[in-house]
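Please open the structure in your viewer and keep the selection tool at hand. This tour goes from one selection to the next.

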Amino acid sequence: VPEYQPPRRQPPYDLTPRTPGSPAPGDDLRYWSARPPQPPRPPRPERPERSERPGRPERRQPRRRRRATVAARALACTASAAIVLASAATWAAYHNLTSGLLTSNAINEIRSGEKGYVAPHLDGSVNLLLLGLDSRKDMDGNDLPTDFVEQELHAGSSDIGGYNTNVLIFLHIPADGGRVTAFSIARDDYVEEPGGTSAVGDIPDLGMHKIKEAYGRAKAIAVDRLKASGMTDKAQIEKISREVGRESTLRAVQLLTGEHVDHLAEINLLGFYDVAQAVGPIEVCLNHPVDDPIENGAGTGLKLPAGHSMLDAAAALQFVRQRFHLLRGDFDRNRRQQAFLAAVVHKLKTDGVVGDLGKMQALFDVVKKDVVIDDSWDVLDFAARAQNLTGGNADFRELPITGQPVLPDDGSVNTVNPVQIRQIVMTGFGDAKEFENEMTQAAANAANGGSGDSALSQPQALGPGTLNDPNSALSRGGQIDPGLPSEPGLPAPTPVGGALPSYAPLPPLPPTARDARPAAAAPIDTHAVVDLYNATAHNGLAATVGDWLSASGWPVDKTGGAATQSRTTILYGKGAAKAAAQLAQTLGVPAVPAPSGRTAAGHVLIRLGADYTPPGGPQPATPSDTTGPDGTGTADPANPDPSAALNPADSPGIAMDNGITCVN
Amino acid sequence: VAAPAIGMFFLGGVLSAALCAGAASLAALLVRPSGLWWVLPLAPVAIWAVCVGREVFDASGGGSRQAVAVAHGMIDAFPAMVVTLAASGAVAVSRGLSRRRSARA
């Protein structure tokens, strides 16, 4: 076998001339290339330094391109990993925060066309209903331990309380971060409680009752039906029946106020106690010392001095539950609840909890056990909106009542003027135009023989019957029983003025609702409401003038006292210029826009100064008059209208600017 | 970017995530092997950008509202990102396996 010889290649130094494109003799043809031989390259000039190169972009070499590609890939991968990890962390934190929350679908269960249904608004604002349940049971319907209820909650026996919604606070948080408005709905307001569809079938109309009872009455119907259907699981019965109770309360509130409830939060005694414990000591302020001993199972046992006090969870519960030994009873209690809520929000803000997911987590771990929120509640969004509540940009108000008769089936109730309530709430929530449209629609429907399905076309649909309503139980005079206590074991409530006929007359309803005339006939601008403050040394002037303005058709929201001033002033908020001008003409005082935006939109703020003189036309009673509203001459000069002293709308709203507000 | 945008504005929820995953998988199938380096990491980024951008665009108000909007966008985007990453990653792995098999054959 011959030894293998590798082919000999043309040596590079072989410069034998040859025809271009032809192999040289002796070449191995296997390695011959058709490529013509290249002339020798001239020596390459030395590459200048990077700093000396001309402006023409450098031609990147493949290695550099590869490096750039690798770097770009690494960057993309790193960015992607960072984004995915950050999203995962946010997602996990949010689900950790919200998982386990007790939720309710009651808001969505109220169907269009049902009485009490109000269409949601689309402006991005939020209406939130805070619902405090006076139940001594846990979420499964089991009684709380008696020792705990009596010793820690100071709430008497587990047998009492039932399912009354003793706290109803309706908040409006504007979309643009504007002023938050909140109304307390008195638990004894005598309103219509409409029925509707539910998980246990149709709930019938419950009729006229205290608004606090809507929950329990509907729940009782649901429990009966569930038990009749053979359901034995106590926790399941409790869960479903509570949902029915919430729906009933929502219908009643929406029917009364004309506003859609976007979100709800329900808390019971135990939940309040736990949350108060989690938040820590809360500072409150009292105008007077308080001593509320427990007697016959009633009372809270609260004993506090006047001025500022720090409350632990148990004392906080006593503070918001006390209603005896208070000048205005339930209405002072409402004020306390508002002040407490303001104090809690103030503390959460100063502790940096609001808006901090980490700190909110600890609070939510407590909230999850006892607080029910609606299932569309966006915790993050609310955390952002809650900044409005803490920014000194919120105020709490109460809704006016028209009397406090005692009824045989319902005990002591608060009668209300439903049109006035609806007007005040809708105006406060920025829906004055919608209110006017409803009135116009109601008038049109009434003019057409009552056709149409507007809730306002029928007086009953407005909510509670009134003293002007001949079909109302209130008007069937023989049923009034001043001696009937509202709850077993509790002292009988004192009706304002003693008996129904002596109540101050209701302010006239807007012409559209009363006489079925178009709203355009009304000369008064109903877009705005009036806040009236007495800045004189004469007691009762604000209430007197307020009554007169109400009788003239003006929606008076608040009356109360203010620091004395010599001149009467009229300030108005956004959208209230026309009403302010009309009032200025009526009172003979110039109206000016509020300089700092402190006056809420749609509000006219009147401060009656020492120079105030009653204008012509219908004369209000002056402070020096001794003639009462009924002309009998029995009024106290210091307080011409006794009912005004008890009227919840008679004291200024709680402003959250100070954080801590002193209350009775 | 188009897939999450279409999904976000016209479909939402599960359908949006499915559309994103489908689009990313298709891209992972069609690109050259070196292109996978771009498809895989950038698909979640595109979803994130669309979700967060939409929330921030919709949000009005100050810094806290914007921060909440970013958080909302991330929370909304995360499930779609995971599904998309898993689907396109599965396509890339299967491509690699099939190439190895064919190389061996």
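What follows is a walk through the contact between two chains, with a look at confidence on the way.

This is a predicted model, in which local features need pLDDT of at least 70, side-chain atom pairs count only at pLDDT 80 or more, and totals for chains, interfaces and linings use all residues. Residues are numbered from 1 along each chain as its sequence is written, chains are lettered from A in the order in which they are written, and side-chain values use heavy atoms, with hydrogens and water left out.

Next, select the residues of chain B that are in contact with chain A (heavy atoms within 4.5 Å): 18 residues of chain B meet 23 residues of chain A. The two chains bury about 1900 Å² between them, 77% of it on carbon and sulfur atoms; buried area is the accessible area (1.4 Å probe) that two parts lose on being put together, summed over both.

Then show α3 (36–58) and α4 (63–104) of chain B, each of which supplies at least two residues of the side that touches chain A; helices here are DSSP runs (H or I, at least four residues), numbered from the N terminus. With 10 residues, α4(B) gives the most to that side.
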